[in-house]
Every structure is written in structure tokens, then in C-alpha cells.
Amino acid sequence: MKSVIKHISLVAVAAVSLTACSDQFLQDKKNYEKYTAEIYNDYEGAQLRVNSIYGLCLPDPNADAQWNNNCTGRADEQSKSTEEFAGFSVFVDSQPGNELSAASGTIVPDYFQYQQKFLVNAWGRIRSINECIEGLENSTLTREQKDELEGQCYFFRAWCYYNFVKWYGGVPVIDKVQATSADSYTPRASAKACFEFMLADLDKAATMLKAKTGSGGWDSQNWGRVTTASALALKGRVMVLWASPLFNRANDQSRWTAAYTAMKADLADINACGHSLFQESNNVNASSFGRLFGDRKNVEDVFLTLFNTSDMDTDAGINNQWERTIRPANTGGQGLEPSAYFIDMFPMADGLLPANVTTYSKLRKSDIAYYSSTPFYKRDPRFYRTFAFPGVRWAYNGDASQGGQNHNPSDGPNYALWNYRWYVSLDDQDNVESGESYGADNLLRNAKGMYVRKRTDDADLGNESQYTYVSTAEKGGFTYSAAPYIEIRYAEVLLNLAEAACGAGQVDEALVYLNQVRQRAGVPGYTTADFLGGDNQAACMSAILLERQVELAYEGKRFDDMRRWMLYDGGANFAEVNGAPSTWTLTGWGGNTCTWLGFTPFNGQRRERMEFRTANKFGVGTDKWDGDPILNYKGPSGETVERCAPLDLRSDLSEQQEVLRQWYSDNLVRKNNRGDAYHSITHDDLYIHFYAKYYFLGLSLGAQNRNDQRLEQTIGWEDNNNGGANGTFDPLAE
């Protein structure tokens, strides 16, 4: 037995000590093939096997959404199918010939990943989890030890299935280790059977983990492991998905009632695990909302992935690259650019949408005027924690002064972002397709018009920075960050419960949960007086979806929300799907979710990018760092232009905004640049189009070819194992 433990432990020992004792279980998250069943008879050895499941299954914010990773907010194919980013993804590309196929042409993304090498495919995860559950159950460990370890495995099995089912509906339900032989074959189960399987696993996980985590969560040595709260929070997400229009075309009220009843009861257990909204007494400009993402540990983290600051070139290095992804290039980052569409529709300071926004027509609009030329002016406090723009502080602990070329103080704690642009040719200045612009402060060609700021580790928030800033060209800036990635946080738990309550007809109670989230953000809660159109349930559901869009922005949740509520076309186009049965027709929600919600369908929309260029009076600049036409300006009387003080989010913004707004008015001009594609020949605008068959994906060509026993293909997609005929599997059949 000792030799078996030694084999696995040696790999763990290769990892250096992490920055916090709670990270110890992350020292070994690899898959091992060389072990025997005897390993499960030793608690430490069994725990290492469970740790390897974390390594297989935890979300990775450093990677785009793909077969082995859910969407985490990056500008990947899923997030680029929402309001958050501009630029067509494969799911919304309306250009002729780009419709996804399961046979040829633009191949459907493969989230099924059915390969022969079981350790490098999606189903290898399921096998590893099942092997671990069976090994633990058949071991000589105590019942208490088995429950502690098996509970974590049951959670991750449900997590894996959730990421299958939301795409494919029914998939094979495999609850034991199968023989690796040609006759080991499991057909696709119904979606209903899959949901029942997930919910049973999550109830098991919640019960098994309660002894260890039900009173305040894990001890500090094990913080970061999944808990009873993790299981119940994921259970809520699963139940809301089952009740949503994607799976519930007739709006079966029993699904909403079941979700509401279970989730309301489960909230007490989630709270008992030590979770709540993260709120500070001095909540300035949504500082509590901003700070929760940089805190090493706080009460809002329900299911998360931990990281450390060790060198990524070592076995121990597991760094979070998000900070480097979003920070401007002149601080050592890369920069992530949001769409102008989302910026323009973000709520105003009273938490209501700008008056000119037609989306969400059943919600009362703000009386505060919106000025597109100064989009930062009087917005929802979360705006300033979600976006960065010319003239705002974005402090960091480091120095990327570039020898004074940034025109900023040399120390990062006083960094201000000035990312306005200029052109070297007047012909390019108003050309929406021209990329010949240069950003201030040595950003030059690396400037973004606006920046995603969400989830930043902002030095002004008072957290202990989770990154080690390295001022080198090879590994510069924010490379070494230990900031956790939060997949499920308490705010989502409340919003999921609000949605279930609303769907069950409990509008007043839904508002209670919804308004807790708004109160933390520093905006007024909704009342039924904010609801228009005479249907408070529809308006309340619309408000919940908008709140999710704002509160959970750039956290990888929006695409799933848009699919499950069919926000691309309201569910009106299933007749276009080859072979779609009549049961696919939406009969609940008045036959069209967008109409019922008052939501403008996303199909037919465009997203552009925005920038702020120097005003015409400054003329053109040069392509060098010191070619800024504002800073080089000499007026008729020799006057020069100085930058105003940047917005400082540590203090009240009322007067600061007025100053910055005037500076914009005097010196900058908003320009919209091309975001989504133009026609390659005519240069006409192209518009978003999400085909109805995309609501449920088909098995990719690769997955079909590797499946010797031929799983049924999804209706509406080509079956490569049946001569290209239409698929026969109905994701809604029970």
C-alpha cells in the first residue's frame, strides 16, 4: 500500500507550497493511470484520487469554451454570440455558406468529444468519476470518510452532465465503470432521465457533504473544495434550466413550482454553509461588487477554481490569466474590448435602462438622460466596475512606466487609463473600417476603444493583490495571479431563486430576492410600478433576465441564458428545422418568449465597437508614442491642453463626472467602428442570425466517426453514419 501512495504523492511533492494553506488540495490535480484499488483503503491516497477529479473538471478561465471547459467570460464563440462582444462567432454568423453543419463545411463545435482514448475526451471524465465512486464505496474507509470523498465525486459527475445536457438534451447516462470493449454501448437517454440523474447526484452530494460543510463550510485547509452549498446551488441552476422554455415548451407550471419549492428550502442550507452576498459597510461606487472578485476568500464564493502565483513553467504553477487578459497593454496586459451595443444599453444610475433602449420594453426606463458621447455619465455603479474608458483610474501594484512614455506617474498605484485615439490621415478619421489609429500613452496600435474591467484585481479596492507583478518582456505584468475564478456565486443563487419564484407565479417573493442583488449594487429595487404592459409576471421575468445580464456580465452566463430563453428569435422558427416534431413548437409564453418578455429578438441586430478619437481641431498625429495631437497642441494664442483628473472610484463621482464630461466635450469625439462583419464585396452591414437548430446541437462529424455503435444524431442535423440523413433523436421526447 505504501508504494502506491508513494507513487502518487511524489508528484504532489513536486509542487511547491502554495500561497495559502487552503490551497493544499490543489497541489495534485492530475489524472493517474498507475494505481490499484488498494489506494482507496488509505484516506490520503483516496483523497489524492478525488483531487485528480478536480483537475479534470474544474472550470478554467484561461481557456475558451470547448469540450473540456464551460464558458467563463472570455471573448470565445459563446460570449461573442451575446451582447457582450462584437464580431461574429460561428453561432451568429449570417454570411452565406457559414451555417453550421454536422457533415461538412463549417463543422458544429464538438462539446460531446467522443474519442477512443478515454482519458482525453469528455466521457473519460465520467469514467474517472465512476471509477472513483466505486473504488471509494468498496474501500475499507469509514462511512464518514466515504461520504466526504464520494460527495465531491457526485457533484462533479452532475457538473459534467449539466455541461452535456444544456447542449444536447439527452445523452448516455453512465453510472458505473464500463468495460473497454466494442460491445460496451449505452444509447442516448431522454433529457428527462438526464435531469433526474443530475438532481439525484446533487442531492447525494449535498447530503454526503453536509457533515463536513453544512456549518460554515470546509476548514481553512480545504477551502475551495465543493460543498453542500455548491451542490444545492448547481441543483438550482439545473432545475431552472429544466423549467425554462428550451426544455419546457408548454410552460409546464409543475416544473417551476418544483424548482421554487426545492430552491427556497435549499437556501437555508446554502446560508448555513457560510454564504451570503459580499457587502461592506462602506460600499462606494459598488466597491463591494468590485472587490468580491479579487478577495482570496469571501462569503459569495459557492463554486470556484483556485490558483496560485507559482511559475507556470513548473508543475506547481496554476495561474489565473484574467488580469493580464483585460489590462491595457501599457501595463503589461492585452486588453479585452466590449461591444458598444452592451455599453449603450447598460442601466443608468437609478438601475433603469436608458430611455432610448427598446430592448426590455416591459420595464420602465430611466428619467436620467443618456449621452452616448460620454457613456460613463450617471450610470449604474456596476458600470464602473465592468468597463474602463479614457480618463479613469485603474490602479495596480507594479511599474510599467516605459521610461515615461505613458505620460502617467511611474507607479502603478497612480495609473490612469487614457486610451483615446488619433489618426495620421484625415481620410481615416471617420472611416469605420479604418484600423489606422494610435492610442495615447504608448498604447499605439494596441489600444482598445473601451476595456472590460469586470473581475479586476483593482489596487484601489484595498484587497491584498493576488498577482505578483513582473516587469519583464518575457513574463511581464500580471502573469502570476492567484485570484480565484468563481463559477457560481451567491448573487446567482438569489437570481436563480428569483426566476423560479417568478415562474411559479410568486412575483412579490421574486422581487425580494432580485432586489437584494440590486441593493448590494447600490441601485433602487424594482416595484411593480416599474412594470409595464399589464403582465407583472412577464415584466418581472424580464427584469430578472436583465439583472442577470448586468450582474453576471463577463462571467460566462449570458449565452446560456439567451439559449434557454430563446432570445434570438423567441422560439418562433422551429418549423425551419428539418424533421422538427410538433412538440417543438412553443405553446407556452404566448408562443414567443421575446414577445412575452418584451425583449427585442437578438437576430437581426448588429454590434459595433466604440472609440474616442481626438477632436477635429487637433488635426492628425504621428505613429509614435509622442505623436499625441492633444498633448502637442498649441492654440492660436499658444494655449495647450492638459488632461483633467481621472475619475477616482474611491470617492463620490458626482462632481468628478461633470469635469470629465466637459473634458470629453472639449477634446474628444465618439466614433463607432466596425464590430460585426460587413459583406465582403458590397460592404453592406450583416446582421446576427442564430439558426433555430442551434438551440440543440448535433453530434459533430468527429464524434460520429469515432462512435462504433452509432449514437442517434439530433433531429435537424446530418447523420454521417446513416448516409447524411436527418437525425432521429428528439431532445424533448420523454
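The largest cavity in this predicted model has a volume of about 210 Å³. A cavity is a set of points, on a 1 Å grid over the protein atoms alone, where a 1.4 Å probe fits but cannot get out. Its volume is the space filled by probe spheres set on the points, which are joined across faces, edges and corners. The structure holds eight cavities of 30 Å³ or more.

Two source notes apply. Residues are numbered from 1 along each chain as its sequence is written, and side-chain values use heavy atoms, without hydrogens and water. The model is predicted, so local features need pLDDT of at least 70 and side-chain atom pairs pLDDT 80 or more, while totals for chains, interfaces and linings use all residues.

Start with the largest cavity. Its lining has 20 residues, where a lining residue has an atom within 4 Å of a point. Gln66, Trp67, Asn69, Asn70 and Asn163 lie nearest the centre. Helices α3 (122–137) and α4 (143–168) each supply at least two lining residues; helices are DSSP runs of H or I, at least four residues, numbered from the N terminus. α4 gives the most, with six. By class, 12 lining residues are nonpolar (Ala, Val, Leu, Ile, Met, Phe, Trp, Tyr, Cys, Pro), two are charged (Asp, Glu, Lys, Arg) and six are polar (the others, Gly among them).

Now the second largest cavity. About 150 Å³ of space lies there. Two or more lining residues come from each of α4, α6 (228–243), α13 (490–503) and α16 (558–564). α16 gives the most, with four. The lining has 14 residues, and Tyr162, Arg237, Asp560, Asp561 and Arg564 lie nearest the centre. Nine are charged, four nonpolar and one polar.

Note on methods:
On a 1 Å grid over the protein atoms alone, a cavity is a set of points where a 1.4 Å probe fits but cannot get out, and a pocket is an open set with protein on both sides within 12 Å along at least five of seven lines; lining residues have an atom within 4 Å of a point.
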